[in-house]
Amino acid sequence: MVIHLKKGFQLGVATAATQIEGGELNHSWNDWYHKGNITDGSNPARANQHYEKYQEDIQLMEDMHLQIYRFGIEWARIEPEEGVFHQATIDHYRDLLIRLKNANIKPLLTLHHFTNPMWFEQKGGFTKKENIALFLTFVAKVVEELGDLVEEYITINEPNVYATQGYFFGSWPPGEKSAKLTMQVMSVLATAHIQAYQLIHQIRKDKNFPNWDQTRVSFANHVRAFTPKNPWNPWHQVSCKISRRFFQDALSKAMCLGEFVFPIKNISGIKKGDYSDFHGVNYYTRTTVTGFKDGVRENAPVNDLGWEIYPQGIIECSQQLYDMAPKPIYITENGTCDDKDCFRSRYIFEHLKALTQSELPFERYYHWCFTDNFEWIEGESARFGLVHINYDTQQRTIKKSGNFYTDI
Ligand code: BGC
């Protein structure tokens, strides 16, 4: 098996704060756990105790020869109450960043990855336009405090997943089931991203931070390869187009270009423009459409959660984004749920092979996930890591697929 990586193409891993840090914090996912909504009953307060074990984890990254690392910071830790910032937490993240720098691992910092502090949630979270200012205050503080050490940012992770799971299907916090609220949240998130995009650039420039002119900001866009089950069936075709537009196309357009098409509304008079410096692509699977729900092609290879494994989809989705706005592409997440680590190496190989065979300007690949972690409502039972976590002992062990990735 040979993979020819293009010159300059970099490999690393991704994580999210709530999924690995642990800690009894006052945020929406700890609250969701206390309401009994995690399928296997596991508590995000445990997770991987990465907040304490970050030095050991960075050492592991070095051992695995990783070049780049996408990670998140926990809003509820930094700003436990509205307007009150916790300096020790900021110092902690500074230390983490300095250690990454010493290890020659370039960071990509995610500002929002699904979790809200409860004080923000109680004010209506991202259902309200007025609350964007609260998010921006947090963003400004983080960039002022950490911006000398970070050139690259993800403002918001997977706004479509956050909105649909939390406000349409109601399976994630805050458990709403309303199409109207879902669209409202998407519109608010699009605006929040655009304003954060401008703010980050502005602050790094005004503060004259090192390499301020190299600042790169985008969002992590969860994209699926949508396909009609029967390409000759007009109903399948139409529902495929509508699903794609509602789930990803309209939002991508708004967030990248400030072009608002139904169902996303321009709630703050945003002008058309260029609001992302690269495409952040989170790609996992293909959705086979017969109506308005997720479907999987019969007899397709699937992972432990039943998601189809379809490597070519990473190219199809990236191509669609590139056609909309030609920009460098970072694969900000790609990976699979494979408890026994039987097919993860092959998954990596096939997705990387697709990337290297394409003419699209792929620059980065962040494998999801560095370690097994708290997988939202699936809890600890769904394993996505290159590194195995024994949750009882907190022992880390590099898996076969982790060694395979290191070899690449
Ligand atoms: C999310 C991650 C999640 C992964 C696997 C992505 O949608 O950004 O937080 O763990 O998928 O489900």
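Numbering starts from 1 along each chain as its sequence is written, and side-chain values use heavy atoms, with hydrogens and water left out. Because the model is predicted, local features need pLDDT of at least 70 and side-chain atom pairs count only at pLDDT 80 or more, while totals for chains, interfaces and linings use all residues.

View 1. Zoom in on the side chain of glutamate 375, where a polar atom lies 2.6 Å from an oxygen atom of the ligand. Asparagine 157 has a side-chain N or O atom 3.0 Å from a ligand oxygen, and for tyrosine 284 the distance from a polar side-chain atom to a ligand oxygen is 3.4 Å. A polar contact here is a pair of N or O atoms within 3.5 Å. Taken alone the ligand exposes 310 Å², and the protein buries 95% of that (accessible areas by the Shrake-Rupley method with a 1.4 Å probe).

View 2. On a 1 Å grid over the protein atoms alone, a pocket is an open set of points with protein on both sides within 12 Å along at least five of seven lines, whereas a cavity is a set where a 1.4 Å probe fits but cannot get out; lining residues have an atom within 4 Å of a point. The volume of the largest pocket is about 1200 Å³, taken as the space filled by probe spheres set on the points, which are joined across faces, edges and corners. It has 45 lining residues, and Gln165, Phe169, Arg224, Phe247 and Asp294 are the closest to its centre. Elements giving two or more residues include helix H8 (159-168) and helix H10 (234-257), but S6 gives the most, with 5. Helices (H or I, at least four residues) and strands (E, at least two) are DSSP runs, numbered from the N terminus.

**View 3. The second largest pocket.** This one has a volume of about 310 Å³. Of its 15 lining residues, Lys101, Lys106, Pro107, Leu149 and Glu151 are the closest to the centre. Helix H5 (87-102) and strand S3 (106-112) each supply at least two residues of the lining.

**View 4. The largest cavity.** A search of the whole structure finds 6 cavities of 30 Å³ or more, and about 70 Å³ of space lies in the largest. Its lining includes Ala17, Trp75, His113 and Phe114. S3 gives the most to that lining, with 3 residues.

View 5. Proline 173 and proline 174 are joined by a cis peptide bond, with omega about 5°; proline 174 lies in the loop between H8 and H9. Another cis bond links tryptophan 368 and cysteine 369, with omega about 15°, and cysteine 369 lies in the loop between strand S8 (362-367) and strand S9 (387-390). Phenylalanine 114 has a positive phi, near 75°, and its place is in the loop between S3 and helix H6 (118-122).

Definitions and conventions:
A polar contact is a pair of N or O atoms within 3.5 Å; within protein, one must be able to donate a hydrogen and the other to accept it, and residues adjacent in sequence count only if both atoms are side-chain atoms.
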